[in-house]
Amino acid sequence: MSIEKNYHLGLLYLVHLLINADGVVNEKEQLALTKIRSKEEIPDSIFDEFERDVLQFKPKEIYQKGINLLSDCEEKKKLNAFVHLYKISEVDGSVHVKEVRLLLYSIKKAAIEFEDVVNAASKIIDY
């Protein structure tokens with residue numbers, strides 16, 4: 001699997017878990033997913049694979065696959081993925097405790113510094 005495909009699938013898996021963490025997927029979160037897909041230029045074939053996988057696998061499996069795929073990426077890509085996740089956690093106007101747990105635990109597993117994520121996210125205005 002290519003590094004870019006690893007990045008795209010890993011990002012999509014974790015975004016899926018994050019927007020579903022509080023049990024409610026709202027319109028702003030769906031729009032954010034669409035923006036990520038466009039910004040990251042995720043091909044239809046990869047998005048289709050992602051959609052099939054999330055129907056087939058349990059959340060724990062989706063999480064493990066996402067973390068494993070992102071772990072294969074360079075540091076810049078990993079940081080970028082977690083910036084997306086951080087920004088999505090805020091997009092609906094409230095940050096649920098389950099979103100916080102998922103985000104913090106994932107950042108730790110990926111060996112990324114939370115402060116680096118916050119700093120990079122603060123530079124992004126449009127989301």
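How many residues does H6 have, and how far does the helix reach from its first C-alpha to its last? H6 has 13 residues and reaches 18 Å, close to the 18 Å expected at 1.5 Å a residue, where the expected span is 1.5 Å times one less than the number of residues. Helices here are DSSP runs of H or I with at least four residues, numbered from the N terminus.

Before selecting anything else, note that this is a predicted model, in which local features need pLDDT of at least 70 and side-chain atom pairs count only at pLDDT 80 or more, while totals for chains, interfaces and linings use all residues. Residues are numbered from 1 along each chain as its sequence is written, and side-chain values use heavy atoms, with hydrogens and water left out.

**Stop 1: helix H6**

Select Glu99, Leu102, Leu103, Ser106 and Ile107, which are buried in H6; buried means under 20% relative accessible area, exposed over 50%, and partly exposed in between, with a 1.4 Å probe and protein chains only. These residues cover an arc of only 125 degrees around the axis, which puts them on the same side of H6, the arc being that of the directions from the helix axis to the C-beta atoms. Now turn to the face away from this buried side, where the exposed residues Arg101 and Lys108 are carried. The cover over the buried residues of H6 includes H1, helix H2 (27-39), H4, H5 and helix H7 (114-122), judged by contact, that is, heavy atoms within 4.5 Å. Just after H6, select Ala111, which takes a positive phi of about 60 degrees.

**Stop 2: helix H4**

**Stop 3**

Within H4, select Gly66, which counts as buried at 0% relative accessibility. Gly66 touches Gly10, Tyr13 and Leu14, not counting residues up to four places away in sequence; Gly66 and Leu14 are 52 residues apart in sequence, yet 5.8 Å apart in space, C-alpha to C-alpha. Then select Asn6 in helix H1, which is buried at 5% relative accessibility and touches Met1, Leu69, Asp72 and Cys73, with residues up to four places away in sequence again not counted.

**Stop 3: Val95**

Finish in the loop between H5 and H6, where Val95 is found, partly exposed with a relative accessible area of 44%.

Notes
Helices (H or I, at least four residues) and strands (E, at least two) are DSSP runs, numbered from the N terminus.
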